[in-house]
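Reader: I'd like to learn how to read a fold like this one with you. Could we go through it feature by feature?

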Amino acid sequence: AAAQGLRGEARNLPDGSVAVLAVGPEAALAALEEFLRQGPPRAAVAAVELLAEEPAAAHAGLAGFTTA
């Protein structure tokens, strides 16, 4: 994600789902969405919920892309 110019984070949630916050160019966001719909090898993606909104001021300080 960072190589595509995205900033944000991806983290595993206790229920087994993954939350992703990403900010960046539209084309890179679209590519990330497509990847999330397919998932990595051996993943079982049941659904992807997308919430598109203008980046909040709180997200302005994001640097790089982290995973947890």
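Author: Gladly! Let's begin with burial: a residue counts as buried when its relative accessible area is under 20%, as exposed when over 50%, and as partly exposed in between. Keep in mind that this is a predicted model.

Reader: With that cut-off, what percentage of the residues of the protein chain count as buried?

Author: Of its 68 residues, 10% do. The chain exposes about 5,200 Å², and carbon and sulfur atoms supply 56% of that area.

Reader: How should I think about strands forming a sheet, and what is the strand order here?

Author: As a general idea, strands of a sheet pair through backbone hydrogen bonds, in either a parallel or an antiparallel way. In this model, the 3 strands make an open sheet with the order β2-β1-β3 and mixed pairing. Strands β2 (18–23) and β3 (65–67) are at the edges; each has a single partner strand, so one side of each lacks a neighbour in the sheet. On average, neighbouring strands are turned by 5 degrees against each other, ignoring direction.

Reader: Do β1 and β3 pair in the parallel or the antiparallel sense, and over how many bridges?

Author: Strand β1 (residues 7–12) pairs with β3 in the parallel sense, over 3 bridges. Within the sheet, Glu9 stands opposite Thr66 of β3.

Reader: How many salt bridges does a search of the whole structure find?

Author: The general idea is to look for a side-chain nitrogen of Lys or Arg within 4 Å of a carboxyl oxygen of Asp or Glu. Here the search gives 2. One of them joins Glu9 to Arg11, with the closest N and O atoms 3.4 Å apart. Another links Glu33 with Arg37, where the closest N and O atoms are 2.9 Å apart.

Reader: Where do Glu33 and Arg37 sit relative to each other in the helix?

Author: They are 4 residues apart in helix α1 (residues 26–38), which means that about one helical turn separates them.

Reader: Last one: what share of the contacts with a separation of 6 or more comes from residues 24 or more positions apart?

Author: In the protein chain, such residues account for 46% of those contacts.

Technical notes. Residues are numbered from 1 along each chain as its sequence is written. This is a predicted model: local features need pLDDT of at least 70, side-chain atom pairs count only at pLDDT 80 or more; totals for chains, interfaces and linings use all residues. Side-chain values use heavy atoms; hydrogens and water are left out. Buried means under 20% relative accessible area, exposed over 50%, partly exposed in between (1.4 Å probe, protein chains only). Contact means heavy atoms within 4.5 Å. Accessible areas come from the Shrake-Rupley method with a 1.4 Å probe; for residues, only the protein chains shown count as cover. Helices (H or I, at least four residues) and strands (E, at least two) are DSSP runs, numbered from the N terminus. Two strands pair if DSSP finds at least two bridges between them. Axes are lines fitted to C-alpha atoms, for helices over the stretch in contact, and angles run from 0 to 180 degrees between N-to-C directions.
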